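Keep the sequence and the 3D view open as you read.

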Amino acid sequence: MPVVLVAEELSPAGLEVLSGDFELRYVDGADRSALLPALADVDAVLIRSATKIDAEALAAAGRLKVVARAGIGLDNVDVAAATQRGVMVVNAPTSNIVSAAEHAIALLLAVARRVPAANQSLRGGEWKRSKYTGVELVEKTLGVVGLGRIGILVAQRLAAFGMKVLAYDPYVSVARASQLGVTLVDLDELLRRSDAITIHLPKTPETLGLIGAEQLARTKRGVIIVNAARGGLVDEAALAEAVASGQVGGAGIDVFVTEPTTASPLFGLDNVVVTPHLGASTQEAQDKAGLAVARSVRLALQGEFVPDAVNVQAGGVVAEEVRPGLPLAEKLGQLFTGLAGGLAAALTVEVRGEIAAHDVSVLQLAVLKGVFTDVIEEQVTYVNAPLLAKERGVEVALETLEDSPDYRNLVTVRGVLADGTPVSVSGTLVGSRQVEKITAIDGFEVDIRPEDHLAFFRYEDRPGIVGAVGALLGEASINIASAQVSRLEAGGEALMSLSLDDAVAPDILADISKIIGASYARAVSIRTE
């Protein structure tokens, strides 16, 4: 009988799913000295946030097949190490989306009607109705920044309040937005027209500080700002100043740059409602999470399809020759999205070389996972990535060719944007150590590693450009780890590829682009699990 180790509290419904066919054991996952020996002969482990499954824990679990996290975040699971050992990682990616959406709406309503401040005043012995006059939502304009699953739920629910809904999301097609009854606009127009703005984006170097002092200054005076997504998407200090000045009428904040925290410039403002990251904190969300991962564990140990597998093809067998290419394929997807800067209408994953003799469909899934990793707020898995592409109207194809003239194996991601612009990126694994290399970008031959922070400039080939870019980055205290210039012909268009120690802020990128006369400038940050 397979053994399932329950390392943290799980809902009774979840335990019921596993009872009978599996031996259930229990341990305090937060107690490292108890956890490690308990992992020795188990087939699956169920955790929440207090148990850390890292390389050491995985090494101690010689029989382990599944790590199941009853929740969304996987910060306490070393997914890369689990993948290397062939251990499936599952979570509950949709368990809290309704709770998160409802909490964002609760914050908006609480701010609009001054509920917390009025409650505190009345409990303090005051009856001051005029002091806490609020505003209605009906016939107001809602701006949704990020139209993923949670953003869509918020938009749908607030449309029922009689609000007109605008959305900013460069990775959602106009047709898809129209189906949802939402008007797509750019960020500047959303800031200018919205009476209330709610943010539903992943936290990436590109989205960090997306709403800062400059953006807040462009909003309607008296706008309400809600952030129940990720800390740091809104500059807390800038928001506090905007609220204090009256530019922002109020704010509802559930997430912070540093968590846990008991100090923020927002805490002293009466018309700001703050909560300690409660988006997923409902009984229903916790029960759904426990039930979802218990079902996934059952399916995995029975060798069946697993809908919420994070790191393998839903439980399917991946050939040993193909498995090393999964991280590279995912990074190529991230790089493609960063280079495209928008939604691809069509996407082709081409696999060439010896591995093309195997089933390489998992590489297509890995590419799609990378493509959408920095696009939506919710977690992207090998299973939901194709659905995300379908929802956004992206046509996806897989091509395989055993012939590979230049490399033993080569993966290329090619796409066409809505305006017809082609984008392509290729990569391979080199040598016995399987070192990841980017080999081509948009037809330019390159030889760079997919490092954390990359920047690319296309410009007319001429003397002095490399020195100018280096000086400008130096002024911004950004160190260049490596640099390469590729060109198709002397005096023609050139591509400069840079590996950097830090991310390039959008304003610095724009300044460099203007000074060197670049036709194209992109900064891309590669994230790994």
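The axes of helix 5 (residues 97-112) and helix 7 (residues 149-159) come within 9 Å and cross at roughly 50°. Helix 5 is therefore oblique to helix 7. The model is predicted: local features need pLDDT of at least 70, side-chain atom pairs count only at pLDDT 80 or more, and totals for chains, interfaces and linings use all residues. Residues are numbered from 1 along each chain as its sequence is written, and side-chain values use heavy atoms, leaving out hydrogens and water.

**Helix 5 and helix 7**
- Helix 5 passes helix 7 in a right-handed crossing.
- Helix 5 brings I97, V98, A100, A101, A104, I105 and L108 to the contact (heavy atoms within 4.5 Å).
- Helix 7 answers with R149, I150, L153, V154, R157 and L158.
- These contact residues divide into eleven nonpolar, no polar and two charged.

**Helix 16 and helix 17**
- The axes of helix 16 (residues 465-475) and helix 17 (residues 506-516) come within 10 Å and cross at roughly 155°.
- Helix 16 is therefore roughly antiparallel to helix 17 (angles over 145 degrees count as roughly antiparallel; oblique angles are those left after under 35 for roughly parallel and 65 to 115 for roughly perpendicular).
- The contact joins I465, A468, V469, L472 and L473 of helix 16 to I512, I515 and I516 of helix 17.
- Its residues are eight nonpolar, no polar and no charged.

**Domains**
- The domain assignment gives domain 1 (3-95 + 284-302), domain 2 (96-274) and domain 3 (324-525).
- The centres of domain 1 and domain 3, taken over C-alpha atoms, are 35 Å apart.

Terms used:
Domain bounds come from an automatic or database domain assignment. Axes are lines fitted to C-alpha atoms, for helices over the stretch in contact, and angles run from 0 to 180 degrees between N-to-C directions. Helices (H or I, at least four residues) and strands (E, at least two) are DSSP runs, numbered from the N terminus. Ala, Val, Leu, Ile, Met, Phe, Trp, Tyr, Cys and Pro count as nonpolar, Asp, Glu, Lys and Arg as charged, and the others, Gly among them, as polar. A crossing is left-handed if the near helix is turned anticlockwise from the far one by less than a right angle, and right-handed if clockwise.
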